[in-house]
Amino acid sequence: MATIQQTVHPDGRVELTDPVALAGSRYANAELAPTRLPERTWTTYNYAALWMGMAHNIPSYLLASGLVALGMNWLQAFLTITLGNLIVLVPLLLNSHAGTKYGIPFPVFARAFYGVRGANFPALLRAFIACGWFGIQTWIGGQAIFVIVGELFGKGWTGASAVGGHPWTMWLSFLFFWALQMVLIFRGIEGLRRFENWAAPLVTIAFVALMVAILVKAGGLGPILSQPSKLGWGADFWTIFAPSLMGMIAFWATLSLNMPDFTRFGKGQRAQVWGQVIGLPTTMSFIALVSIITTSGTVVLYGSAIWDPVELTRRFENPVVVTIGLIMAILATMSCNVAANVVSPSYDFANALPRWLNFRSAGLVTGVIGIVIQPWRLISDPSIYIFVWLSFYGGLLASVAGVLIAGYWLIDRTHLQLADLYTPNGRYWYSAGWNWRGVVATLFGSVLAVGGAYSNPGAGPFPQHGLIPFLKPLYDYSWAVGLAAGFLAYFVLTLTAPTRQSTATHAAPTY
């Protein structure tokens with residue numbers, strides 16, 4: 001086919017000179033095509049607000065409160081979470097660059113290193129994990145609705161007959177919240193941006209109000225901050241610290257891959273970089289501190305750590321306070337869930353079937369899978385939430401991040417040919433649409449990262465000595481191992497077994 005030209009603008013952003021030229025491609029649709037420059041309007045505030053909305057949510061709260069429940073004191077938990085978010089910011093910004101420069105979402109970006117067809121491998125891996133997160137968040141939002149209605153109608157609602165271990169009214173609340181989010185998805189990406197802009201500040205206020213209420217009941221910060229660590233600073237702490245840190249990093253490992261889904265709308269690199277630098281570490285550290293203080297306060301008040309804010313809110317006697325608090329919890333959950341866990345898989349599923357699925361219909365697929373995964377089991381215990389769910393998928397996605405970073409920054413040196421990302425027999429077609437180097441590097445990194453997955457007796461699904469026993473020591477560092485192994489494996493494979501396409505990327509780009 002004839003070469004499709006691309007235009008490089010003075011600020012470095014790139015777009016197709018004639019986007020209509022992709023109209024006949026079976027690998028493109030309206031959602032996957034490069035964003036036109038007039039549509040790249042997101043500012044620094046939009047990205048900061050996006051992160052406020054995504055970070056100020058109940059799973060973020062559970063992340064910090066879970067560490068307190070596992071025995072850390074306030075300082076240990078705060079340092080673990082802050083360090084984790086500073087570390088994950090690095091791959092997140094590295095992968096965001098391509099979205100802003102070329103206006104492409106994550107699954108299209110991945111085509112450069114996995115092949116036009118092969119990109120479905122990392123994209124669907126990311127998508128199914130997002131479905132799990134969508135289900136978890138939806139269950140939490142359903143819990144909040146269940147409690148609010150219970151405050152209004154009493155035990156007739158909360159004491160309804162059980163189905164599958166929960167009152168049937170809990171299942172109804174879950175499904176209602178699920179439908180509410182589907183409505184938001186059908187409003188599209190611009191509707192999501194407007195929702196984030198006003199919801200994020202309200203969510204912040206709600207979490208601060210919960211913390212203040214606990215501080216008043218506990219008699220101030222003194223009793224809370226004086227709570228000793230059950231782990232100390234010796235071997236017991238460091239045994240928990242390493243896998244906990246990997247879990248904190250893995251919490252945003254999903255976004256470290258698919259942030260191009262959002263940065264493709266950025267006004268420029270400066271806007272997205274500053275928005276994310278302002279938005280992620282500060283808001284995550286803030287919600288961590290709020291969560292840690294609040295959960296530590298429950299130890300003072302109730303004698304044990306109440307790590308679930310929905311359960312904690314139920315302890316207040318004033319029904320108005322309970323209702324307002326839980327409405328804020330619902331807003332927090334929607335704000336994060338739709339942005340972090342539906343946008344990406346919607347693009348990913350659409351990438352797999354571009355002629356059959358668009359952003360909205362793929363969002364519905366995400367919602368259905370989110371129910372099938374049975375999210376109520378994933379958050380039943382803090383050790384399962386952090387050491388099983390977060391640590392395992394974090395290692396898998398880290399190996400994908402390693403491939404993307406090595407390919408984009410070292411091999412291609414940030415130069416991509418836009419049209420070839422959507423066409424067969426171009427630079428990124430490799431062998432029948434697949435680049436085996438990216439697949440092998442990902443599998444290699446994943447096996448090293450999670451092959452040794454283990455659980456303490458009775459505390460998880462993995463064997464005590466690891467799936468592959470000699471890899472067990474690596475599992476405590478799953479995210480770091482996956483990132484490094486995927487990065488090095490792809491770089492070495494590309495240099496030692498180059499193809500015409502991969503060697504061509506070293507040449508000066510032509511437009």
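Colleague: Where is Gly220 found?
Modeller: Gly220 is in the loop between helix 8 (188-218) and helix 9 (221-225). Keep in mind that this is a predicted model.

Colleague: Is Gly220 buried or partly exposed?
Modeller: Partly exposed, with a relative accessible area of 24%.

Colleague: How far is Gly220 from Gly297, in sequence and in space?
Modeller: They are 77 residues apart in sequence, and their C-alpha atoms are 9.0 Å apart.

Colleague: Step back a bit. How many helices and strands are there in the protein?
Modeller: The protein has 23 helices and four strands. Of its 511 residues, 61% are buried.

Colleague: And of the contacts with a separation of 6 or more, what share is between residues 24 or more positions apart?
Modeller: Such pairs account for 82% of those contacts.

Colleague: Now the nonpolar core. Which residues touch the most other members of the largest one?
Modeller: Ile104, Phe113, Trp252, Leu404 and Leu416, out of 94 residues in that core. Helix 19 (residues 382-411) gives the most to this core, with 11 residues.

Colleague: What is Leu416 in contact with, leaving aside neighbours within four places in sequence?
Modeller: Leu416 contacts Gln6, Tyr102, Ile104, Phe109, Ala112, Phe113, Tyr408 and Tyr428. Two of the residues named for the core, Ile104 and Phe113, are in that list.

Colleague: What about Ala432?
Modeller: Ala432 lies in the loop between helix 19 and helix 20 as well, and its phi is positive too, about 55°.

Colleague: Which of the two is buried, and which is partly exposed?
Modeller: Thr414 is buried, with a relative accessible area of 13%. Ala432 is partly exposed, at 46%.

Colleague: Change of topic: helix 5. What should its 34 residues span?
Modeller: At 1.5 Å a residue, helix 5 (residues 120-153) should span 50 Å. Its end C-alpha atoms are 47 Å apart, which agrees.

Colleague: How many residues of helix 5 are buried?
Modeller: 27 of the 34, so helix 5 is largely enclosed by the rest of the structure. Just after helix 5 comes Gly154, with a positive phi of about 75°.

Colleague: And helix 3, what should that one span?
Modeller: Helix 3 (residues 74-102) has 29 residues and should span 42 Å at 1.5 Å a residue. The end C-alpha atoms are 43 Å apart, so the two values agree.

Colleague: Last one: how do helix 4 and helix 16 cross?
Modeller: The axes of helix 4 (residues 106-114) and helix 16 (residues 343-352) come within 8 Å and cross at roughly 55°. That makes helix 4 oblique to helix 16.

Colleague: Which residues meet there?
Modeller: From helix 4, Phe106, Pro107 and Arg111; from helix 16, Tyr347, Asp348 and Asn351. The residues of this contact divide into three nonpolar, one polar and two charged.

Note on methods: Residues numbered from 1 in each chain as written. Predicted model: local features only at pLDDT ≥ 70, side-chain atom pairs only at ≥ 80, totals over all residues. Heavy atoms only, no water. Axes fitted to C-alpha atoms, helices over the stretch in contact; angles between N-to-C directions. Helix = DSSP H or I, 4+ residues; strand = E, 2+ residues; numbered from the N terminus. Parallel < 35°, antiparallel > 145°, perpendicular 65-115°, else oblique. Contact = heavy atoms within 4.5 Å. Nonpolar A, V, L, I, M, F, W, Y, C, P; charged D, E, K, R; others polar. Expected span 1.5 Å × (residues − 1). Core = buried A, V, L, I, M, F, W, Y, C linked by side-chain atoms within 4.5 Å. Buried < 20%, exposed > 50% of the residue type's maximum accessible area, 1.4 Å probe, protein only.
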